[in-house]
Amino acid sequence: MLLSLVYLSLLALPLSVLGQQIPVVDGVIGGVPSDASIASAEAEPRPLRVAATTPGALRVVENSGVCETTPGVQQASGYGDLTATESIFFWYFAARENPSTAPLALWFNGGPGSSSMIGLLQELGPCRINNDTTTVSLNPFSWNNNANTLFIDQPVGVGFSNGDLNVGTSQEAAADVWKFLQIFLKDKRFSNLVGRELAIWTESYGGHYGPTFAAYFLSQNAAIASGKISGIPLNLKALGVGDGLTDPLVQYPGYIAYAASNPYHPLVSESVITQANTSWTQHNGCRDQITACNNGGSDSVCSSAQSFCNSRILDPLVGPFDVYYILARDPDPYPPSITSYLNSIRTRVGGEVTWRSSNSQVFNNFAKTGDWMRNSRPDLETVINAGVRVIVYDGDADYILNFNGVEAMVDALNTKFSATYKTQVFQPYTVHGQLAGQFKNAGTFSYVRIYGAGHEVPAYKFGSLATGEAAFQMFSQIMSNQSLSST
Ligand SMILES: *[C@@H]1O[C@H](CO)[C@@H](O)[C@H](O)[C@H]1NC(C)=O
Ligand SMILES: *[C@@H]1O[C@H](CO)[C@@H](O)[C@H](O)[C@H]1NC(C)=O
Ligand SMILES: *[C@@H]1O[C@H](CO)[C@@H](O)[C@H](O)[C@H]1NC(C)=O
């Protein structure tokens, strides 16, 4: 989770305020900073660079012994230097089983500006943070059980990544991630992964990142095939997007619906709902502003839409509850903070800068372009139609990217499987006989709503299942190129 970033020194909240994936800006979750708060964010000291970079190559610490303690499982961490002043941090764990043939799964957290160490340590990595926030426990449902996993802190400036902040859109982020992967796969330690089946898994702002990265990888593959560029093709076979922001126009009414009625309890009073609904429907309201953004709107039109909609709709409708898990009041202490742990193991894994869960300047760079409100559904449709297996999933206790909005986005998809999808009814998703959610399949597309889960789906448990057990079944089925099925 990320620190609740409050840029105005006047509002300095104690750092004990638990972090979230999406920064709170001037008191608004996902808000757009005023000029004053940009100025104070820019005054933050740049991280100290402590090692010489090696542009176009990796700097690697092998087998640090941190986190993954299963005997014989290879791990590596360090930096891929895009340039002399742009370094991307990665942490790689080979599969616990059959690493030489297992697929490669990439993991990206969202934000924008959030570190993928969140996914590693709170959700699906080889170890999980304990409630004491200083120790970890081995995760029996780690996604590296049957896949080689690569956690990437991006864009530059996020988490342990270090250097010039040149990225302010998902498209720019995609180009840097592709460049990083070229450097990674070229390294002799990882060149056995060239041509291996590849999957992108992501959450939250990953509803933009995932489709954008996947579509970019496919277009780069085509450019390599036609001789336009040289590079290593990426054998993209799967894309997973959890609790994602993909198509804001279709998803924002979900906040109103979810606040009024969800599987647990209403979040706010009727009058707050009515007010937010007015902000949605009124002339030049949120709906009109997102529409203008999506119809070729400028960065400033999109940025204003983000500011308006997040202050009038996203922020007020959660009431006193945690945006990431509405069964808790804000702030939910779970999942536990990973900041102390990561800074205690920083040098052992090759980290060169103080780890922060979220970089506010990176968030600001995206807020300036209004990337938040752009529509990534066309890229998702391209990827589905190209034959990449796609799963969209959502935890039913998450407000911030709630299932009402995500299911509206899925229903709006226009792909070769959409006609079939519309004929499907939800099936119960069971894991070893325990009900865990409800799902639909159509062709190589699947959707599942996971019961009892907040924003970080694999961090939760339900019924008799262990933490992350339902999410692991989903991951395994998709990674072995199967549609979802109950067990
Ligand atoms: C929102 O406003 C529209 C138009 O006034 C109305 O039809 C709809 O029922 C309202 N929805 C809610 C949840 O209040
Ligand atoms: C950790 O804390 C959460 C609530 O914050 C609680 O539900 C969970 O049971 C705790 N885990 C352990 C192992 O004590
Ligand atoms: C994955 O499954 C689909 C549908 O069954 C099939 O068309 C495709 O060839 C499979 N891909 C691989 C890599 O096996």
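Leaving aside its neighbours within four places in sequence, with which residues is proline 336 in contact? The contacts are Ile129, Asn130, Asn131 and Thr133, where contact denotes C-beta atoms, placed from the backbone, within 7 Å.

This is a predicted model, in which local features need pLDDT of at least 70, side-chain atom pairs count only at pLDDT 80 or more, and totals for chains, interfaces and linings use all residues. Residues are numbered from 1 along each chain as its sequence is written, while chains are lettered from A and ligands numbered from 1 in the order in which they are written.

Proline 336 lies in the loop between strand S14 (325-329) and helix H10 (339-345); helices (H or I, at least four residues) and strands (E, at least two) are DSSP runs, numbered from the N terminus. Proline 336 counts as buried because 20 other C-beta atoms lie within 10 Å, the cut-off for that term being 20 or more. Its C-alpha atom is separated by 9.4 Å from that of threonine 134, 202 residues apart along the chain.

Helix H13 (residues 403-412) has as its buried residues Phe403, Asn404, Gly405, Val406, Met409 and Val410. They pack against the elements tabulated here.

| Element | Residues |
|---|---|
| Strand S12 | 236-244 |
| Helix H5 | 248-251 |
| Helix H6 | 253-260 |
| Helix H12 | 377-385 |
| Strand S15 | 389-395 |
| Strand S18 | 445-450 |

Around ligand 1 stand Ile256, Ala260, Ile273, Thr274, Asn277 and Thr281, each with its C-beta atom, placed from the backbone, within 6 Å of the ligand. H6 and helix H7 (270-281) each give two or more residues to this shell, and H7 gives the most, with four residues.

Note on methods. A residue is buried if 20 or more other C-beta atoms lie within 10 Å of its own, exposed if 12 or fewer, and partly exposed in between; C-beta atoms are placed from the backbone. Two residues are in contact if their C-beta atoms, placed from the backbone, lie within 7 Å.
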